[in-house]
Each structure stands twice: as C-alpha cells, then as structure tokens.
Amino acid sequence: MLAFLIRRLAQAFVVLGVVGLIAFAMFRFAGDPVNQIVGPDTPVSERAAIRKSLGLDDPMLVQFGRYAGNVLRGDFGISYQFRQPVTALLAERIPATLELAFCATLFALGVGILMGVYCALKRDTVLAKLFQAVSLIGVSLPTFLIGILLIFLFSVTLGWLPSYGRGDTVRIGGWTTGFLTVSGLKALILPSVTLGLYQMTLIMRLVRAEMLEVLRTDYIRFARARGLTTRAIHFGHALKNTLVPVITIAGLQLGSVIAFSIITETVFQWPGMGLLFVQAVQNVDIPIMSAYLLLVAAIFVTINLVVDLLYTVVDPRLRTSVGRAA
Amino acid sequence: MDDAAEVPEIRQPTGSRLARFLDSDLWASFRRSKTAMAAFVATVLMFALAFAAPWIVPQNPYDPAQLDLLNSNLPPIWKAEGQAPFLLGTDDQGRDVLSAVLYGLRLSLIVGMLGVLVSGTLGIGLGLVAGYVGGLLDTIIMRVADVQLTFPAILIALVVDGVAKASFGGALDTNATILLIVVSIGLSFWVQYARTVRSSVMVERGKDYVQAARLIGLSTPVIMVRHVLPNVTGPVFVIATINLALAIITEATLSFLGTGLPETMPSLGTLIRIGNKFLFSGEWWVVAFPGIALAGLVIAINLLGDWLRDALNPKLQ
C-alpha cells in the first residue's frame, strides 16, 4: 500500500512538473514578454534595460527555477489584458466555477442515479426507452448546443429563467456566493443542467448496467427467497452495491466538469475561471493561460490521486491485485 | 501478408471482393440493424449534400459580393415574409442560411476528417513504434500518453490553438487557421489509437510470420509497415469513426468559443456562434438550422460507430 502510494505520488509530481515546464515554455516563448509591456516607440536601449530587469537574459534553468518559485508562492505574473495580478483575477473567479461545478455534479448524481435505477427496474416501459434515447442524445450533442437549446426554451420562449450571468451574489469573506439569493439560485439552474447533462447520462447508463448485473446475482435471489420486500432488495442491497463505481466515475468526472465549464461559462456568460480562460485564449493573454493550465492540472492530479486511493480503500479486492501488479 | 499467401489456408475466400463483402458477418449485421442503416443513409446524404453544395445552393456564402443587405433577416420560406430562393431564410448580412449551412457542413466534415487523419497517423505510428521496438521508447511514448489522457481533449486543443496563435501573432490567413485547428485536433486525439495499436502489435510481434520475415532479413521498418501494420488496423476503424464525431464536435466547439474558423469562412460552429446573438431578437432560424445540421451529423456518425463497434466485437457474436 505504501509503495503504491509513493509511486502514485511520484507520478503526480512528474505530471505537474511536465505541465509546469509547458506553462513556463508558453510564458517565456509564446510572444515576447517585453513587447507586452512597452509601447511601439520605446527605444532599444530601454527595451534591453527592461529585459535585464525581468531577468530574461539569465540562463534558462535559472529562469525556470524563478518561475517555479513564483508559482509555488502563488505568483503567476501580470495579465496582459487586465494589467492585474493573475492570482487575484483567478481568486475572484474561482467561487463562480466551483459553485457551478458543484451544482452540476449534484444534478448529474441525483437525476442520473434515479433514471438509471428506473431504467434497470422497469426496463421495458416506454419511459425507460425514452430515457435511453435521451441519454444517447445527451452523449452525442456538443455542450454548447445543449446550452443554446435550453436558453431558447426556458429564457427566450418561456421566459422563466435568466440566460446569462450569476444573478445577485452575496459576498462572504473572499467568497461570492449565488446560493443565498433567489436570482442567484435561478441563474444556477440552466448552466448546471447544461454542464451536468453529459455526466448525468454517463451515470445513468452506468447505474442501469450495474443494477442489471447485480440483480442477476445469487445474493439478490437469496434475499428474495428470504422474503424481503422488493424495496429493501432494490435499494438496500442492489443499489448500494452499484454505488462504488458510480462514486469513482463521478469523482473522476469532476475534473472534466471543471474543464468543460469553459464551454458552459461561455454560453451563459458565467463569470468563472473558464470564461476568463477563453477570453485569455482569444486575446493571447499568456500569463492567464499558463496559470489556468497549471491550476487545472493540479486539480486533475489531486482528483485522480484521491480517487485511486479511495478505490483501494473501498474495494479490498483491488488492493491485492494492485500489490500483485507492482 | 504477402508471404502468408503461399501457405495453404483452411478457408480460402472465394469470388470477388464485393461477393466476399456481401457474404460477410459485417454485411449481415448491417442488414439486420435498422438503426445502422438509417444512420448510414443519413451520413451519406449529409456528405453528398455537403460536397455538392457549390452546385445546388443559390449563393456562395464566402463571396461578400453575392450578399445583398436588402435580403437580410428574411425568415424561412414557409413563413409569410419568406422569399425565394432563400429556403431557410437569411441572416443580418443577407447571407442565405441554407447555403451557409451546407458550406459550413462541408468545412466541418473536411476539418473533422483531416483531424482524424492526423491523429490516426500520429497515434498509429507512435503505437506501432512503441509496441514493436519497446524499451525506453515505449516507456516514453506511453508515459506521454498517460499524462495527456489526464486532460480532456478540448482543453488540449484550446491550449495548442492558443499557444500557436500567440507564437505566430494574430496574422494567420484562413488556410493556416484551418491547418492549425486540424493539428490541434490531431494532437488531442492520438492517444487512443496509440494505445490500441500498441497492444495489438505486442501480440503480433511474437507470431510466426513476423519471425519468418525477420529470418529472411527484412529490416525492422519494412516488417513494421508491410507485415505488422495490416494486421492491427481492424479496431482502428472503429476508433476513427467515433473520433470523427468527436473531431467535428471539437472543431465546432473551438469555432463557437471564437478561437476556431473566422466569420468570413464559417463552419457550423462559427454559424452557431453568429446565430446565437440573434436568439433574443426572434431570428431563431439563423442558429437553429446550423444547430440541427451539427446535431444530426454527430448523432448519425455516433450511431454508425456504435454499431460498427458491436458488429466487430467478437465477444458479442
């Protein structure tokens, strides 16, 4: 177990190191940092002085070391577009993205498990077949198309829900939340559904498949023979045993949810990190791009690590097979 | 495979290629599946419409001289204000929506197919080398694949696209932009090919025909390309079909986010981005028809890919 832990940790650090190197290379070589600071009529001597003051003439290794040091202290440089520290910009935007990702995951888990259980238990009903068909569309359609469809339906045609922004937010310390106002909660609905739909269909299909498999096993038959109620069998025995893979998938997908929030945030003009990143790509704002990349990498690596470790804790069978593979 | 032809085979295939295909399990499975046939017809129809676009639509949407502002914001023909020849209406520039959709469909298909070609070539090549040569090269290639698999493809495509634009400055012409998107898609999707091909190659490597080829003194590259490669391409077709849908979605997403194809040469994603602005002013047709075209295309290709995967999976037969 310890060897496994150490190896996974080492792997995680290698991934972060590689992404850091890419982020540094972007930072340093994509476009000339001096050009971003000076005007077109700045004399060459002044440019050279700026180069020197930024340390761009030092050996690459020294520059990378300095960059890594800055990043570890939480300093990602100054945004070209906003002329503000990237860290402050990101910190301001993080609550919006995390709240959206949280609601999307909640939606995906809640609705996905419900629909999956229904499809497994009543698999020949019209509704179950309809769910299956909808899930196929949910997997196939691009996120932004689903967002536009929802806006057209619920904002333009019915006028029930807002189509952009976060609504009114409340500031608690450094965190702005949309959970405490009616307009904030209303604004969360459409983006969360858009963002969570793909994960929902994934979870629904998974729960359905797992449930169908579990319902065929001997211990379910035995539970029936013992005369337990159908309800107890389905939810106490069968569903409980399908939840391990569901939690794993939901955990692993959390990273994708944060990455795909780029698209959802653009559709709904949601003021989160994803929208900031897209604007950075459009305006070639390298410091924001590299900072976002590093941040997302850190989130992904952490999630993968935690899920891997949790998995071996939850499922004892895996522990032995991991030991053998090592 | 040429060497193996001299060995007498247990079941010698007879007749022409067509006759053999009509006799195959694949064709039988296709005949049985109504979904597969419908998806196939829809896909072929869309390919045909897209590539025949210049001869069947009333307008070349890339040519500003053909746009007339007097024809702007017309609704589809079945509405009261609709006008011939604009079957699906026009946008604010007087651009015919049907023409734009078919040209956009063509562009999306071209970029998608080129993207699959690049990612497939890259993935198959690297997988072949990793599986056949093994050793340190294998470790490096597969570790890179592992790292890349941690991130969603769309994120990688966005970053590659963004970095390339930053390095070249903003002055890219349309063809260079298309090339850039194709490369971004190629770099985002190669991992799956590489993993699949590598594992098949590792099985093939130990077989007698490879040993025989080695004994008669063929060089490693020749064995890899002429003898091993033809035997590992089966599963690649399934991945390629499903990846075509993914590549089209990726291109559409990049264009929708405003980092893809420009408005002067719109793909379906760009059209949806333009049309999205008119959603609230009531001109729903500007965004609806590109959206429907994209959804139809992606769903049809996905259904086809799903069927192909099941039909070629020996476990399910």
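I keep in mind throughout that the model is predicted.

I then looked up the geometry of this pair, and α10(B) packs against helix α12 (residues 285-312) of chain B at an angle of about 165°, with the axes 9 Å apart. Since angles over 145 degrees count as roughly antiparallel, I wrote down that α10(B) and α12(B) are therefore roughly antiparallel to each other. The crossing in which α10(B) passes α12(B) is left-handed.

Next I turned to another partner of this helix. Helix α10 (residues 234-256) of chain B packs with helix α11 (residues 268-276) of chain B at an angle of about 35°, and their axes are 7 Å apart. I recorded the crossing of α10(B) and α11(B) as right-handed. On the side of α10(B) the contact is made by Glu251(B), Ala252(B), Thr253(B), Leu254(B), Ser255(B) and Phe256(B), and on the side of α11(B) by Leu268(B), Gly269(B), Thr270(B), Ile272(B) and Arg273(B). The residues of this contact divide into five nonpolar, four polar and two charged.

I wanted to see chain B as a whole, and I counted twelve helices and zero strands in it. Of the 317 residues in chain B, 43% are buried. Among the contacts in chain B with a separation of 6 or more, 70% are between residues 24 or more positions apart.

I also consulted the record, where an unreviewed UniProt entry lists residues 36-57, 109-137, 174-191, 235-257 and 278-304 of chain B under "transmembrane region". I checked two of these stretches against the model: over residues 174-191 of chain B the chain is 100% helix and 0% strand, with the end C-alpha atoms 28 Å apart, while over residues 235-257 of chain B the chain is 96% helix and 0% strand, with the end C-alpha atoms 33 Å apart.

Helix α9 (residues 218-225) of chain A is hardly covered, for the count of buried residues among its eight residues is zero. After α9(A) comes Gly227(A), and its phi is positive, near 85°.

Most residues other than glycine have a negative phi, and with that in mind I noted Gln269(A), a residue other than glycine whose phi is positive, near 50°. Gln269(A) has its place in the loop between α10 and α11 of chain A. Is Gln269(A) buried or exposed? Exposed is what I wrote, because Gln269(A) has 12 C-beta neighbours inside 10 Å, and a residue with 12 or fewer counts as exposed.

Terms used: Residues numbered from 1 in each chain as written. Chains lettered and ligands numbered in written order. Predicted model: local features only at pLDDT ≥ 70, side-chain atom pairs only at ≥ 80, totals over all residues. UniProt positions renumbered as here; feature names shortened; annotations may be inferred. Helix = DSSP H or I, 4+ residues; strand = E, 2+ residues; numbered from the N terminus. Axes fitted to C-alpha atoms, helices over the stretch in contact; angles between N-to-C directions. Left-handed = near helix turned anticlockwise from the far one by under 90°. Contact = placed C-beta atoms within 7 Å. Nonpolar A, V, L, I, M, F, W, Y, C, P; charged D, E, K, R; others polar. Buried ≥ 20, exposed ≤ 12 C-beta atoms within 10 Å, placed from the backbone. Parallel < 35°, antiparallel > 145°, perpendicular 65-115°, else oblique.
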